[in-house]
Amino acid sequence: MKKKIRIFGVLLCVMLFTAVCGCSKDSLIVEKEVRRRESTGDSWTVMLYMSASSLDENYTRAADVLNSLSYDLPKNINVVVEINGDEKWGIDGIKSDKIQDFAVQKNGLREIYETGVKNMGDAKTYADFLNRTIEKYPADKYISIIWGESGGPLSGVAHDASNEYNSLTPSEIASGLASTETKLDLIGFDTGMMANLDVATTLVPYADYMVAAEDIMPESGWDYRKLLEYISENPNVGAAQAGQIICDSAYENASDQMQELMIMSVIDLSDITSLAQDFDTLAHGLAADCEDIDKLRSMTARINLAHFVGANSPWEGYSDLVDLKSFQNAGYSAVRSNYARIEKTISRAVIYKIAGELHDDSCGISVYYPKARDTQEINEYKKLCTSSGYKEFIDKIMADDAIENRTADYKATPSYEIYQSAMANNTMTAEPDLSGKYLLSVDNPDVIAMTGVNLYKYDEETGMYLFLRHDNDTYYSNIANTYEYKLNNKVTELNKIPVSVYKVNDYGQSEMYSIPIIYKDKLSSLRVLAKVEDLKRSYSIVGIWEGYNSKTGILDSSMEIPSAGDSIIPVYETYGGEKGSYLQGKKLTLVFGGLNIKDKSLEDGEYLLSYTAEDVYGNKTESNTTNVTAIKGKMQITK
């Protein structure tokens, strides 16, 4: 009898919880305004802006957020959500052909405004929502939260899937905020890669604090219930404390593997102006050093190896965002000039951060750097950038006449004069010496910033050479005037099949790699983390990730762990193949045990080696190839 009573009690609790929280999708939208508990202190108005996106199409994330909002708010706390819904959300009362505003109640969401469908990536739509809500719910403190997807500061946020993925850029967000004539206490981005210096600089006049992720924001996103509970019970706290709760609860909300990648910060916008000024001083110094070919070579090499966030490989795409502290350290270690040492200004501006293991050394705010050398992207960035020194720096490292609105002429620098003279008679030859070392001879090494060695394996079925890896472990000898590569007889295998790997980031004792694959009929990247101990790598799966979508401007926010029964097809670049083309390998169907990743000795067979040299202006040249034979795991160069 006691057992039956206990079960009935559990069922009753579940029914009551559903009735109070409105957690069922069918009962989420309610019609009547409910009585609220008495005020607890200072008044807050929280404005959540939610655009239809592939987060809903692919992961039903919007429904999860909306179902988590229902809370017994006191009279001093008002939470309003603006939604451009999607029929794929599957929520009764959310309309795909309307813009709707909802007030959060303890039993669900009550519609308070409706209009025809509009573009959520338009500054006016955002501005109208802010003005309408502030007028209806005046408060002591205001929070604006933009939810959705992001491609970083250039691509923007809140990509509207119903309007060709149009998004809000930082300048459009600033325009929307300026129209309110009400300064926010906090602006937050429930999306990735918006903890960025240019974003923060743009928003300085319009908010006191900003909360955002510097790297990928997990699909799990923010824990809104924790935020509402905190400000309801602690209404007299400042916005900075609310920002800290947002960071901590989002981190706790994420899966273990995504926590390693996370870094979120609370940024005091009142200190961003000082940080921007110090960064400008640093940038002017770096720009001046671009006049010296030796300093230019060292700078570009070290910055390319700095701590980048987001996508950072040929198959994932490039977000072109680097941690600001890492950028500063790379520049300083290259030229040993102080300029403005910006660590103190960073620590004043970034007042709180929470980071996974891989971001222990990150500062919580990024800066754009054109690693991919995309001309159109650089032209867009120069419209956003407010630092004259950094524009000058970019103009001097980009030997590209298509760069617009130049503040400096790269052709007028002594570095470029040396470069032109060197490249006119520069040849590269890769070959082994008598002792078996694999060497690269370059007539003019002064213009080479980085070198690396490519390994290709001969595939008998197709008669083509398949790319396996690029290794930057090369050394330059001033005495011999050659680059040297010590032959590495290891390749990475996925369930005993050699796969191609691309290094994404080096975190000291750990390295992130991207393995290009086809998964669920989509070209994706299998991200794996290699922990290095005693020169040996042990691998763990981070997740399958689609990376940066150049068509939509969105960075994927979900990393899926494959399970038994799933199929994966490795893909490979081919030697001499067209850019962007690839060859499919053998399909792997996962069984119990999933994916097993190991470094193994080379299989017997024929291989190619070649060097790739990147010059000081980012141009890459591949050398002649050298034939290699693997016998019992050992490499023998064929002469």
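The following questions and answers concern salt bridges in a predicted model.

User: How many salt bridges does the structure hold?
Analyst: This is a predicted model, in which local features need pLDDT of at least 70, side-chain atom pairs count only at pLDDT 80 or more, and totals for chains, interfaces and linings use all residues. Side-chain values use heavy atoms, without hydrogens and water, and residues are numbered from 1 along each chain as its sequence is written. A salt bridge is a side-chain nitrogen of Lys or Arg within 4 Å of a carboxyl oxygen of Asp or Glu. The number of salt bridges in the structure is 30.

User: How many residues apart in sequence are the parts that E38 and K75 tie together?
Analyst: The side chains of E38 and K75 form a salt bridge at 3.2 Å, N to O. E38 lies in the loop between β1 (29-30) and β2 (44-51) and K75 in the loop between α3 (61-69) and β3 (77-84), so the parts tied together are separated in sequence by 37 residues. Helices (H or I, at least four residues) and strands (E, at least two) are DSSP runs, numbered from the N terminus.
The separation is 37 residues.

User: Is K457 buried or exposed?
Analyst: K457 forms a salt bridge with E603, with the closest N and O atoms 3.9 Å apart. Buried means under 20% relative accessible area, exposed over 50%, and partly exposed in between (1.4 Å probe, protein chains only). E603 has a relative accessible area of 33% and is partly exposed. At 18% relative accessibility, K457 is buried.
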